[in-house]
Amino acid sequence: MGLIIDAVKAGDPDRLATLLQADPSLADARDANGTPALVIAVFLATAGGAIPPRHGDPVHLKTVRTLLMAGAHPDAADASGASALHDAARCGHGTLVDLLLRTGASVEGRMAGATGGAPLALALFYARADM
């Protein structure tokens with residue numbers, strides 16, 4: 001699984017696709033801290049969660065697409081309960097939000113088990129009414 005995480009962090013969607021073609025179940029790989037590859041990829045595609053929002057290198061968007069096409073669970077969350085949709089919504093990355101929703105991401109996610117910790121609530125907190 002380390003090779004998957006390495007390919008995601010390096011922004012190497014071609015290497016990632018090769019690895020996932022050999023074993024699609026690795027699309028849900030997690031790093032040593034339990035953070036899903038998809039959450040890492042979205043973090044990088046949002047320029048590290050930049051606020052004010054900045055879109056990261058387009059290669060990271062391709063990495064997100066590669067993971068989702070291989071079957072990565074769109075609701076996989078890190079230890080705090082933050083999913084890829086949380087990061088995309090908070091950063092106002094409409095392309096990622098749309099992609100994640102189209103692949104089945106839930107709008108009901110909860111960060112740290114908090115009531116109201118849904119991605120939309122987080123987007124509104126960060127003044128992302130366009131989400």
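Student: What pLDDT does the protein chain average?

Tutor: The protein chain averages a pLDDT of 83, and 77% of the residues score at least 70. pLDDT is the predictor's confidence in each residue, from 0 to 100. This is a predicted model: local features need pLDDT of at least 70, side-chain atom pairs count only at pLDDT 80 or more, and totals for chains, interfaces and linings use all residues. Residues are numbered from 1 along each chain as its sequence is written, and side-chain values use heavy atoms, with hydrogens and water left out.

Student: Where is confidence lowest and where is it highest in the protein chain?

Tutor: Lowest is helix α7, residues 119-125, at a mean of 51. Highest is α2, at 97.

Student: How many helices and how many strands does the protein chain have?

Tutor: It has seven helices and zero strands. Along the sequence the pattern reads α-α-α-α-α-α-α. Helices (H or I, at least four residues) and strands (E, at least two) are DSSP runs, numbered from the N terminus.

Student: Why is α1 called roughly parallel to α3?

Tutor: Take the angle. Helix α1 (residues 2-10) and helix α3 (residues 37-45) pack at about 10°, with their axes 9 Å apart. Axes are lines fitted to C-alpha atoms, for helices over the stretch in contact, and angles run from 0 to 180 degrees between N-to-C directions. Angles under 35 degrees count as roughly parallel, over 145 as roughly antiparallel, 65 to 115 as roughly perpendicular and the rest as oblique. So α1 is roughly parallel to α3.

Student: Which residues of α1 and α3 meet?

Tutor: I4, I5, V8 and K9 in α1 meet A37, I40, A41 and L44 in α3. Contact means heavy atoms within 4.5 Å.

Student: How many residues of that contact are nonpolar, polar and charged?

Tutor: Seven are nonpolar, none polar and one charged. For the classes, Ala, Val, Leu, Ile, Met, Phe, Trp, Tyr, Cys and Pro count as nonpolar, Asp, Glu, Lys and Arg as charged, and the others, Gly among them, as polar.

Student: What makes α4 and α6 roughly parallel?

Tutor: The axes of α4 and helix α6 (residues 94-102) come within 11 Å and cross at roughly 5°. That angle makes α4 roughly parallel to α6. L61, V64, R65 and L68 of α4 make the contact with T95, L96, L99 and L100 of α6. By class, the contact of α4 with α6 has six nonpolar, one polar and one charged residues.

Student: Why does T63 count as buried?

Tutor: Its relative accessibility is 0%. Buried means under 20% relative accessible area, exposed over 50%, partly exposed in between (1.4 Å probe, protein chains only). So T63 counts as buried. T63 is in helix α4. Leaving aside neighbours within four places in sequence, T63 is in contact with V8, G11, D12, P13, L16 and A41.

Student: How do you know that D31 is buried?

Tutor: D31 has a relative accessible area of 17%, so it is buried. D31 is found in the loop between α2 and α3. Not counting residues up to four places away in sequence, D31 touches I5, K9 and I40.

Student: What about A82, buried or exposed?

Tutor: A82 is buried, with a relative accessible area of 6%. It lies in the loop between α4 and α5 (84-90). A82 and T35 are 47 residues apart in sequence, and 9.4 Å apart in space, C-alpha to C-alpha.

Student: What puts the buried residues on the same side of α2?

Tutor: In helix α2 (residues 13-22), P13, L16, L19 and L20 are buried. They cover an arc of only 120° around the axis, so they are on the same side of α2. The arc is that of the directions from the helix axis to the C-beta atoms. An α-helix has 3.6 residues a turn, so residues three or four places apart point the same way. On the other side of α2, D14, Q21 and A22 are exposed. The buried residues of α2 pack against α1 and α4 (58-69).

Student: And which residues of α6 are buried?

Tutor: L96, V97, L99 and L100. Their arc is only 165° around the axis, which puts them on the same side of α6. They pack against α3, α4 and α5.
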